[in-house]
Amino acid sequence: MALKKSSKHFTQTAAFKQIMKRCSRFGKNENGYPQDVPKGHFVVYVGENRSRYIIPISWLTHPEFQSLLQRAEEEFGFNHDMGLAIPCDEDDFCSVISMFR
């Protein structure tokens, strides 16, 4: 059973690394620096209107945020060039991230 949990953790870690690699390309200027995203952060789009949020990378360790990422992977996958979309209501997203602040 521990092997199964470890394997799941490895898969999640690999998925998060893939997310960060893809997200690091979004919103960069010609010099390769983010236009408005501070170092150590990435962008997600939430809700029907795709509202944009700048999220600290440290939030990737929170189980609640990992759950949101799993939902995003199931619904949209991570193999695309658009920003990371979180498939939930914006109010629900704000409620979840308020726990991290």
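The model is predicted, so local features need pLDDT of at least 70 and side-chain atom pairs count only at pLDDT 80 or more, while totals for chains, interfaces and linings use all residues. Residues are numbered from 1 along each chain as its sequence is written, and side-chain values use heavy atoms, with hydrogens and water left out. The protein has three helices and three strands, where helices (H or I, at least four residues) and strands (E, at least two) are DSSP runs numbered from the N terminus.

**Overall make-up**

- From the N terminus on, the order of elements is α-β-β-α-β-α.
- Of the 101 residues in the protein, 36% are buried; buried means under 20% relative accessible area, exposed over 50%, and partly exposed in between, with a 1.4 Å probe and protein chains only.
- The protein has an accessible surface of about 6900 Å², and carbon and sulfur atoms hold 52% of that surface; the areas come from the Shrake-Rupley method with a 1.4 Å probe, and for residues only the protein chains shown count as cover.
- Among contacts (heavy atoms within 4.5 Å) between residues at least 6 apart in sequence, 48% join residues at least 24 apart.

**Strands and the hairpin**

- Strand β1 (residues 41-46) pairs with strand β2 (residues 51-56) in the antiparallel sense, over six bridges; two strands pair if DSSP finds at least two bridges between them.
- In this pairing, valine 43 is opposite isoleucine 54 of β2.
- β1 and β2 make a hairpin with four residues between them, and glycine 47 in the turn has a positive phi of about 80 degrees.
- Arginine 50 is in the loop between β1 and β2, and although not a glycine, arginine 50 has a positive phi of about 55 degrees.
- Most residues other than glycine have a negative phi.
- Arginine 50 counts as partly exposed, at 37% relative accessibility.
- β1 also pairs with strand β3 (residues 84-86), here in the parallel sense over three bridges, and tyrosine 45 has alanine 85 in β3 as its bridge partner.

**The nonpolar core**

- The largest nonpolar core has 19 residues, of which Val44, Ile55, Phe65, Leu84, Ile86 and Phe93 touch the most other members; such a core is a set of buried Ala, Val, Leu, Ile, Met, Phe, Trp, Tyr and Cys residues joined through side-chain atoms within 4.5 Å.
- Two or more residues of this core come from each of β1, β2, α2, β3 and α3 (90-98).
- Helix α2 gives the largest share, four residues.
- In soluble globular proteins, nonpolar side chains tend to be buried together.
- Leaving out residues up to four places away in sequence, phenylalanine 93 touches Val44, Val46, Tyr53, Ile55, Phe65, Leu68, Ile86 and Cys88.

- Glutamine 66 is part of helix α2 (residues 63-76) and is buried, with a relative accessible area of 18%.
- The side chain of glutamine 66 reaches the backbone oxygen of leucine 60 at 2.9 Å.
- The whole structure contains one salt bridge, meaning a side-chain nitrogen of Lys or Arg within 4 Å of a carboxyl oxygen of Asp or Glu.
- This salt bridge joins aspartate 36 and arginine 52, whose closest N and O atoms are 2.7 Å apart.
- Aspartate 36 lies in the loop between α1 (2-23) and β1, and arginine 52 lies in strand β2, so the pair ties together parts 16 residues apart in sequence.
- Aspartate 36 is partly exposed at a relative accessible area of 43%, and arginine 52 is partly exposed at 36%.

Terms used: A polar contact is a pair of N or O atoms within 3.5 Å; within protein, one must be able to donate a hydrogen and the other to accept it, and residues adjacent in sequence count only if both atoms are side-chain atoms.
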